[in-house]
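Work through the exercises below with the structure open. Try each task before reading its solution.

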Amino acid sequence: MSRPVFADPKTDFVFQRIFGSEEHKSALIGFLNDVLGLDHAHRITDVSFLPAEHRPKVSELKYSIVDVKCVDARGTTYVVEMQVLNVEAFEKRVVYNVAKAYTNQLEVGDDYPELDDVIGISICDFELWPRQDGASVPMLSRWRMQEQTSGVRGLPELQFVFLELPKYDTSREPESLVEKWAYFFREARNLTMIPPSLQHPPLVAALEAARTASFTREEWDAYIASGMAIQNERGALTLARREGLEEGIRQGIMATCDVLGIEMDDERRARLAALDAAGLEALLAHLRRERRFP
């Protein structure tokens with residue numbers, strides 16, 4: 001197959017290549033500074049990648065494409081994660097992942113003052129908080145603890161940042177640095193050149209790391225495999241949801257028949273098992289309307 005000019009940065013292989021390697025570390029540093037909105041006095045100038053043994057061990061990671069963990073000169077740890085699928089309890093897993101990175105800082109015998117802040121940054125290829133009328137969560141949202149009566153912020157040790165890519169307004173060119181990064185994640189694989197709107201050094205570095213012409217054959221194969229893994233997981237999740245929906249409708253039909261005094265013999269059970277979601281919904285509607293089994 002012909003190669004696109006730039007690979008999809010949302011895939012496991014490319015995300016790790018851009019944000020998880022010493023070679024392209026300037027892209028990660030620039031991304032952190034831009035997303036966190038750090039001024040000149042507080043900008044991150046360097047990071048060190050945490051070794052694997054310091055990474056939280058989470059059993060339910062098959063839906064997490066990749067995460068990168070690093071620490072800056074002030075000791076703040078950053079957990080950067082790319083998530084393409086909206087799975088059950090995703091927010092809980094994000095909190096667990098960040099909290100684990102926080103507690104993993106302590107070795108046996110260390111004191112609590114040794115603990116430094118941890119900031120989790122989740123890039124979501126879905127709307128975690130869907131848009132609605134009135135107050136809504138913006139594309140880039142930042143979360144930290146707050147006293148509920150006074151509104152005073154405190155306990156900054158754990159902070160969370162979410163970048164919801166579908167909330168980017170595709171009707172216009174990106175303007176802010178955050179919009180430029182959202183555009184990069186969404187559109188990099190469709191670009192044939194680096195557009196003027198992305199002529200920002202960290203973004204240029206990220207795009208150059210994603211340029212497929214620099215991939216070896218083995219790296220290209222790894223990229224294709226990571227893309228297929230996403231499709232397989234998406235298909236498995238869709239199937240599970242469809243099967244769950246169908247089973248829920250079947251239970252509704254059984255309950256309706258019980259209320260109406262309709263006997264469910266073996267023949268009717270077999271018919272019920274053979275129907276898909278559309279057929280099940282039609283049967284349930286018929287039962288409620290005609291109050292008899294067709």
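**Exercise 1: a pocket and its lining**

The second largest pocket has a volume of about 190 Å³. The model is predicted: local features need pLDDT of at least 70, side-chain atom pairs count only at pLDDT 80 or more, and totals for chains, interfaces and linings use all residues. Numbering runs from 1 along each chain as its sequence is written, and side-chain values use heavy atoms, without hydrogens and water.

Task: sort the lining of the second largest pocket into nonpolar, polar and charged residues.

Solution. 
- Step 1. List the lining, which includes His-42, Asp-72, Arg-74, Tyr-78, Asp-117, Ile-119 and Arg-142.
- Step 2. Sort it: four nonpolar, three polar and four charged.

**Exercise 2: strand E4**

Task: find which way the residues of E4 point, and which residue is the bridge partner of Glu-81.

Solution. 
- Step 1. Strand E4, a DSSP run of at least two residues, spans residues 118-124.
- Step 2. Val-118, Gly-120, Ser-122 and Cys-124 point one way; Ile-119, Ile-121 and Ile-123 point the other way. All are buried, that is, under 20% relative accessible area with a 1.4 Å probe, protein chains only.
- Step 3. Strands pair if DSSP finds at least two bridges between them. E3 (residues 77-83) pairs with E4 in the parallel sense over seven bridges. Ser-122 is the partner of Glu-81.
- Step 4. E4 also pairs with E6 (residues 158-164), parallel, over seven bridges. Ile-123 stands opposite Leu-163 there.

Terms used:
Buried < 20%, exposed > 50% of the residue type's maximum accessible area, 1.4 Å probe, protein only. Helix = DSSP H or I, 4+ residues; strand = E, 2+ residues; numbered from the N terminus. 1 Å grid on protein atoms, 1.4 Å probe; cavity = no way out; pocket = protein on both sides within 12 Å on 5 of 7 lines; lining within 4 Å. Points joined across faces, edges and corners; volume = space filled by probe spheres on them. Nonpolar A, V, L, I, M, F, W, Y, C, P; charged D, E, K, R; others polar.
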